[in-house]
Structure formats: C-alpha cells, structure tokens
Amino acid sequence: MEANEAALTYLSQNKLLYLNMLEVLRRGSAELLYAGEDGVLLYDRGAEAHMLSARNRGALEKFLPFLEGSDTVVGHEDWYREELTQRLGMWQETPCYQAAWLAEEPPELPPFDGELRPLGLEWAPFIFAHYGKSDLGGLPMIERAVQRGMLGAFVDGEPAGFAGFHSEGSIGFLEVLPPYRRRGLGEVLLLGMVRLALERGQYAFGQVLVDNGPSLALQKKAGLTVSEDTLYWLFRPES
C-alpha cells in the first residue's frame, strides 16, 4: 500500500503526462516495480510494456536491470530517450503528446446526421480492412480492441467510421472512412469514446504523435487538454 501511495503521489505531480500510468494502476493490470520521490517503474500486463518516469540518473540506473529484455518500454522524460534506445537495442516511435478530458462533466456530443453504436466481434473484419494501421497487429489485434469496446459511427445505416481503446487504455483506432470525412465525425467518435471511458470509470485520454497536426487540432477542438511534455514508445525489433 505504501508503494502504491508513493506512486500516486509522484504521478499526480504531472497528472496529464502520466495518465497512462495512472490508468493501469487504477485498473489493477500493472505490477508496481518501484515507487519513490525519484521516479516510478511499473509493468503493465495488458500492454505487455514497462512504463517509467525517472527524475535523475540514480533512478534510471535502478530501472535499467528491469528493462533488459523488455519488448516494449514507455518513457516519459526525453533526457534518457536516446540512451534507452541504444542500450536496450530498441527502435523508437515518434514522441507523442498526451491529451485528456479533464472537465468534471462528460462532454455533449455535437449534433450529426447519424448515430453511434457499440461494435461487436462481427465487425472486426470490416475494421481490419479499413483501419490504416492494421498491419501492426493483424486481425487478432482488432478483435482484442473490439472486446475492449469500440464505437461505430453510422450514417444512413452505413458504417462511416469507428474508434476504440488501445491495450493500456488510451483512446485510439479512430478512423473515418473517406466518403464521410470533413463532416465532423472524427470529433463525434472521439467524444463518444470519452463518454464511454468516463462511464466505465476510466481516465479518458489519448496519445497523439507530435507531428500529427490534424489529430492535435481535433483534440483541442473537442475540448481535450494536450500535455506540454511528451512521452514515447520504444519497441524491440522483431527477429
């Protein structure tokens, strides 16, 4: 209990940046490996990823033995990003901002000519065929996402887009089909997922690559707060 309280105290100092770590602790899927005034290290079984925040060199040196052999690492301070990449032999995704709904009340959905519906597993092949990053995990990745909870936007009864949750709890998989773009459906899907997260007691947050200007603009337009600091994902190359 003391370690958990220490982790919450540390992570609450920059809650927006550390919401992903707070979420996996909240849902109980994380093994807390270290928590102190100098940092926090945990392993999330859902994402199969180590997540860390290290305030100084001493904390980083404590964490490195845990990270050897890890397939996925999420870092929250830029000063050790290149060192982790090189020492662990990993490749890095573009850094991203964290965006979250911080208001006390859930958002209202903007009016649109259609409806949102929960999607079942029967929709997994359709999502796989239309999601731009399906090559990263194939159909099984999509099926797991559907099981976590996905919403579809339908216009005149036809599927127009979808969104869901990634394994660590962030909102993602957001895709609007080309014929339906520029109608505000991206904002509708994003806010629909925010409402779903809040209904479940989850933190409502997502991660946006720093070079993805349109997505950052969407987050701000929808009323989410975007972090000033960045985090990053490191992955072990497949052999």
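Buried means under 20% relative accessible area, exposed means over 50%, and partly exposed lies in between (1.4 Å probe, protein chains only). Keep that in mind for the exercises below. This is a predicted model, in which local features need pLDDT of at least 70 and side-chain atom pairs count only at pLDDT 80 or more, while totals for chains, interfaces and linings use all residues. Residues are numbered from 1 along each chain as its sequence is written, and side-chain values use heavy atoms, with hydrogens and water left out.

**Exercise 1. Find Phe-173 and decide whether it is buried or exposed.**

Step 1: Go to strand β10 (residues 171-176), where Phe-173 has its place. Helices (H or I, at least four residues) and strands (E, at least two) are DSSP runs, numbered from the N terminus.
Step 2: Phe-173 counts as buried because its relative accessibility is 3%.
Step 3: Look at the backbone too: Phe-173 is not a glycine, yet its phi is positive, about 55°.

**Exercise 2. Work out which residues of helix α4 are buried and what they pack against.**

Step 1: Within α4 (residues 81-88), the buried residues are Arg-81, Glu-83, Leu-84, Thr-85 and Leu-88.
Step 2: Their packing partners are β3 (49-54), α3 (57-67), β4 (72-75), β5 (91-92) and β12 (225-235), where contact means heavy atoms within 4.5 Å.

**Exercise 3. Describe the lining of the largest cavity.**

Step 1: On a 1 Å grid over the protein atoms alone, a cavity is a set of points where a 1.4 Å probe fits but cannot get out, and lining residues have an atom within 4 Å of a point.
Step 2: The lining is made up of Leu-119, Trp-123, Phe-126, Ile-127, Gly-152, Phe-154, Pro-159, Gly-161 and Phe-162.
Step 3: Two or more of these residues come from each of α5 (124-130), β8 (150-155) and β9 (158-165). The largest share, 3 residues, belongs to β9.
Step 4: Sort the lining by type: 7 residues are nonpolar, 2 are polar and none is charged. Here Ala, Val, Leu, Ile, Met, Phe, Trp, Tyr, Cys and Pro count as nonpolar, Asp, Glu, Lys and Arg as charged, and the others, Gly among them, as polar.

Key
On a 1 Å grid over the protein atoms alone, a cavity is a set of points where a 1.4 Å probe fits but cannot get out, and a pocket is an open set with protein on both sides within 12 Å along at least five of seven lines; lining residues have an atom within 4 Å of a point.
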